[in-house]
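Please consult the sequence and the model alongside the points below.

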Amino acid sequence: MKPALLEVMRMNRICRMVLATCLGSFILVIFYFQSMLHPVMRRNPFGVDICCRKGSRSPLQELYNPIQLELSNTAVLHQMRRDQVTDTCRANSATSRKRRVLTPSDLKHLVVDEDHELIYCYVPKVACTNWKRIMMVLTGRGKYSDPMEIPANEAHVSANLKTLNQYSIPEINHRLKSYMKFLFVREPFERLVSAYRNKFTQKYNTSFHKRYGTKIIKRQRKNATQEALRRGDDVKFEEFVAYLIDPHTQREEPFNEHWQTVYSLCHPCHIHYDLVGKYETLEEDSNYVLQLAGVGSYLKFPTYAKSTRTTDEMTTEFFQNISSEHQTQLYEVYKLDFLMFNYSVPSYLKLE
Ligand SMILES: Nc1ncnc2c1ncn2[C@@H]1O[C@H](COP(=O)(O)OS(=O)(=O)O)[C@@H](OP(=O)(O)O)[C@H]1O
């Protein structure tokens, strides 16, 4: 072959290689810009693209600086709830000599969702099972879509959700500063009756009967039968109250989380909660949180039609047999929760 022809063929090959390289780079650049515009796109089973918060407004911005007018009225209500907590903490710190600094082990109830920049402090007996389900959907990166598909016991497996105590101190501080922190509260005595009914009147809750029921009966029941002492499954509400107000109980160990005060579980005087949701407006407040997190259009808090729910009337009935002395002492135990979350003294209470 002539050298001139060979040269032409070589040039031709080089041209094709350059062209292919340019085309490849062009495609890569297109992909890069697409991913900048749509970071971490996921598809949920409802067919809606879920995008993490990066690049859009954070829940904190949505809460404190709402664009939509209808959200601004709700924002005012939540400002009042925050003020109530702040005022109670201030008044309490002025009268209390107890001062303490939080340690990571105090943060075990604070569930973290990094993708939506949320921190939820769970309070047992305030629909925390459903809220944990929601947090599993939010943090599951597409693993779950319908919260009610998650069995209740799965929602309570600690490994399924990440809590704030699992981070380093700088990571904790960063998240406390920039994430939206929220909790849900319930009228303290209604919450207590809910805990009593669930843990002491249901035959299947044998672990609670063994762990607490036997102890309560031993301490609070005169002439208890051997059977009752062994089984611990027929604790009366009066005995439960006597156990709670007994100074020996709290000296021995902290209350179980199902009847521990919100003040001790979530540390609202140390951690500034941006949003205080209430059980009385559970679905409305929960869906507001989901809206602020930018997922409200496809994720709703589960609605509930359980007719056996603990009500105010039921709580009144339970307190009928409690002496005014014990009522007064019990109110003292839960007083900060009453004041901080703006629950008035129940009308059925006979305080001394
Ligand atoms: N969507 C909705 N609406 C209204 N009420 C609801 C809802 N979801 C849960 N619940 C009520 O919450 C109570 C259970 O709370 P928890 O899931 O936190 O209980 S537990 O800590 O896991 O034992 C329990 O209250 P009581 O029935 O009064 O005990 C549930 O009925």
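The ligand sits in the second largest pocket, where sitting requires more than half of its atoms to lie within 2 Å of the grid points. The model is predicted: local features need pLDDT of at least 70, side-chain atom pairs count only at pLDDT 80 or more, and totals for chains, interfaces and linings use all residues. Residues are numbered from 1 along each chain as its sequence is written, and side-chain values use heavy atoms, without hydrogens and water.

**Pocket**
- The second largest pocket holds about 900 Å³ of space, a volume being the space filled by probe spheres set on the points.
- Its lining (residues with an atom within 4 Å of a point) comprises 33 residues, with K125, T129, S194, Y304 and K306 nearest the centre.
- Helix 4 (128–139) gives the largest share of this lining, 5 residues; helices are DSSP runs of H or I with at least four residues, numbered from the N terminus.

**Shell around the ligand**
- The ligand is surrounded by 22 residues, each with a heavy atom within 4 Å.
- K125, C128, T129, S194 and T310 are the closest.
- Helix 4, helix 7 and helix 13 each contribute at least two shell residues.

**Polar contacts and burial**
- Polar contacts are pairs of N or O atoms within 3.5 Å; in one, a polar side-chain atom of S194 lies 2.7 Å from a ligand oxygen.
- A backbone N or O atom of K125 is 2.8 Å from an oxygen atom of the ligand.
- The protein buries 91% of the 630 Å² that the ligand exposes when taken alone, by the Shrake-Rupley method with a 1.4 Å probe.

Key: On a 1 Å grid over the protein atoms alone, a cavity is a set of points where a 1.4 Å probe fits but cannot get out, and a pocket is an open set with protein on both sides within 12 Å along at least five of seven lines; lining residues have an atom within 4 Å of a point. A polar contact is a pair of N or O atoms within 3.5 Å; within protein, one must be able to donate a hydrogen and the other to accept it, and residues adjacent in sequence count only if both atoms are side-chain atoms.
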